[in-house]
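Subject: Structure handover and notes

Dear colleague,

I am passing on a structure that I would like you to look through with these notes beside you.

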Amino acid sequence: MNPSVENILQKEYIDKEDIQFLLSLENADSERLFHHAHEVKTAQVGNKVFFRGLIEYSNICTKNCYYCGIRMDNGRYQRYTLSDDEVMEAARYAYEHNFASIVIQSGEQSSKSFTSAIGNLLRKIHAETGGKLHITLSLGEQTEETYKRWYEAGAHRYLLRIEVSNPSLYLKLHPGDNRHTHKARLEALSLLRKTGYQVGTGVMIGLPFQTTADLADDLCFFRDLDIDMVGMGPYIEHEDTPLWEYRNLLPSVAGRVDLSIKMVAILRIIMPDINIAATTAMQTLDPKGREKAIFAGANVIMPNLTPVQYRDNYLLYQNKPNVKDQPDETRKSLEKNIRAAGDEIGYGEWGDSRHFGKRITNDEF
Ligand code: 5AD
Ligand code: SF4
């Protein structure tokens with residue numbers, strides 16, 4: 001066993017250099033990292049995994065991120081928006097199956113009709129479930145006014161990935177116009193915090209041009225921001241996007257999975273009480289990817305509740321799994337796999353970030 005791994009794992013403060021070292025571990029040393037993260041998870045947040053039923057509300061997007069399949073300029077997909085009834089049916093499924101929580105995600109849109117449709121849906125879901133279903137939004141950058149309206153209509157959490165914390169790398173992955181700025185994204189995260197949401201962010205792992213130092217910075221960024229939740233996963237190339245051209249610069253599939261699990265493990269160690277998602281992208285590159293992430297520290301999973309007929313049109317990346325699975329099949333296979341991994345499902349519990357709970361009782365920001 002590498003003695004420096006043990007030294008780092010025992011440290012009170014793990015710095016950027018330590019993180020880079022941990023990201024480069026191999027074989028028995030990386031197993032040691034995963035086991036340590038597993039112990040931290042058990043001690044700090046227990047062995048419960050919380051379900052967030054994912055509703056992919058619309059694939060219409062006004063942005064053109066270079067990595068994403070549903071970017072505005074990709075004409076391949078049929079654009080859709082779910083009807084209120086379809087959203088309500090998915091929300092009802094989550095409620096009746098005790099998921100206790102849903103995520104409404106969409107391509108980025110900011111029209112008045114979009115923002116009011118979301119507000120109305122939030123109110124409807126609350127009315128129908130007596131406020132018992134917690135709602136997370138993942139609807140991109142919006143105005144402060146919109147964040148407030150949605151919060152007042154009953155949304156509790158908001159996910160907005162920074163994508164990469166390094167501003168110059170961000171520029172390589174997005175058009176250089178004023179609709180895609182790193183600065184605006186940072187400001188959005190701070191507005192969300194100010195509005196009162198539990199705030200989640202995240203990054204993609206194994207992108208072209210990304211270094212291990214960038215990934216270590218990403219983890220330090222989450223810590224500096226004192227974030228409540230993180231969802232991150234491997235980058236997966238998509239042939240209809242500009243980044244496809246650079247696919248020869250990517251780490252191997254196994255390498256991206258391995259880096260992603262290490263990122264989860266290190267994050268669990270440096271931010272022991274936050275919520276960390278085992279993302280679908282991990283499962284896309286490795287059928288056991290989500291279970292591996294759960295072992296190494298993840299405690300949230302987002303089963304897809306989007307009506308099956310729309311899923312082929314919500315492909316941010318290719319080879320997305322379970323596009324044909326009905327919610328019952330997904331739920332049953334997740335239950336089995338989570339139990340096999342030694343964890344249980346936190347049915348009927350909101351599973352709020354403990355970190356958020358502690359922060360709001362300690363200091364009102
Ligand atoms: N590979 C992996 N993740 C992607 N996302 C978008 N495109 C890809 C891709 N090609 C992620 C982004 C976005 C989230 C909804 O999906 O991080 O924030
Ligand atoms: Fe739109 Fe989000 Fe895809 Fe960017 S990552 S193109 S904002 S859906």
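This is a predicted model: local features need pLDDT of at least 70, side-chain atom pairs count only at pLDDT 80 or more; totals for chains, interfaces and linings use all residues.

Residues are numbered from 1 along each chain as its sequence is written, chains are lettered from A and ligands numbered from 1 in the order in which they are written, and side-chain values use heavy atoms, with hydrogens and water left out.

Ligand 1 is surrounded by Y67, C68, Q105, R161, E163, M204, P234, Y235, I236, L316 and Y317, where a residue is near a molecule if one of its heavy atoms lies within 4 Å of it. By class, this shell holds eight nonpolar residues, one polar and two charged; here Ala, Val, Leu, Ile, Met, Phe, Trp, Tyr, Cys and Pro count as nonpolar, Asp, Glu, Lys and Arg as charged, and the others, Gly among them, as polar. A polar side-chain atom of R161 lies 2.8 Å from an oxygen atom of ligand 1, and a polar side-chain atom of E163 lies 2.5 Å from an oxygen atom of the ligand. The backbone takes part too, for an N or O atom of the I236 backbone lies 2.8 Å from a nitrogen atom of ligand 1. Taken alone, ligand 1 exposes 400 Å², of which the protein buries 88% (areas from the Shrake-Rupley method with a 1.4 Å probe; for residues, only the protein chains shown count as cover).

Around ligand 2 are C61, K63, C65, Y67, C68, I70, R71 and G107, and these divide into five nonpolar residues, one polar and two charged.

Turning to the rings, there are 11 aromatic pairs (rings of Phe, Tyr and Trp, the last by its six-membered ring, pair if their centres lie within 6.5 Å; planes under 30 degrees apart count as stacked, over 60 as edge-to-face and the rest as tilted). In one of them, the rings of Y57 and F114 have their centres 6.0 Å apart and their planes at 50 degrees, so the pair is tilted. This pair links distant parts of the chain, since Y57 is in strand β2 (residues 53-58) and F114 in helix α5 (residues 112-129), 57 residues apart (helices, H or I of at least four residues, and strands, E of at least two, are DSSP runs numbered from the N terminus). Y57 is buried, with a relative accessible area of 4% (buried means under 20%, exposed over 50%, and partly exposed in between, with a 1.4 Å probe and protein chains only), and F114 counts as buried at 4% as well.

The rings of Y151 and Y197 have centres 5.1 Å apart and planes at 70 degrees, so that pair is edge-to-face. Y151 is partly exposed at 34%, whereas Y197 is buried at 0%. Ring pairs also link F51, Y93, F99 and Y347 into a cluster.

Lastly, N47 is found in the loop between α3 (27-44) and β1 (48-51), and is partly exposed at 25%. Q283, in helix α11 (residues 280-285), is buried at 16% relative accessibility.

Best wishes

Methods:
A polar contact is a pair of N or O atoms within 3.5 Å; within protein, one must be able to donate a hydrogen and the other to accept it, and residues adjacent in sequence count only if both atoms are side-chain atoms.
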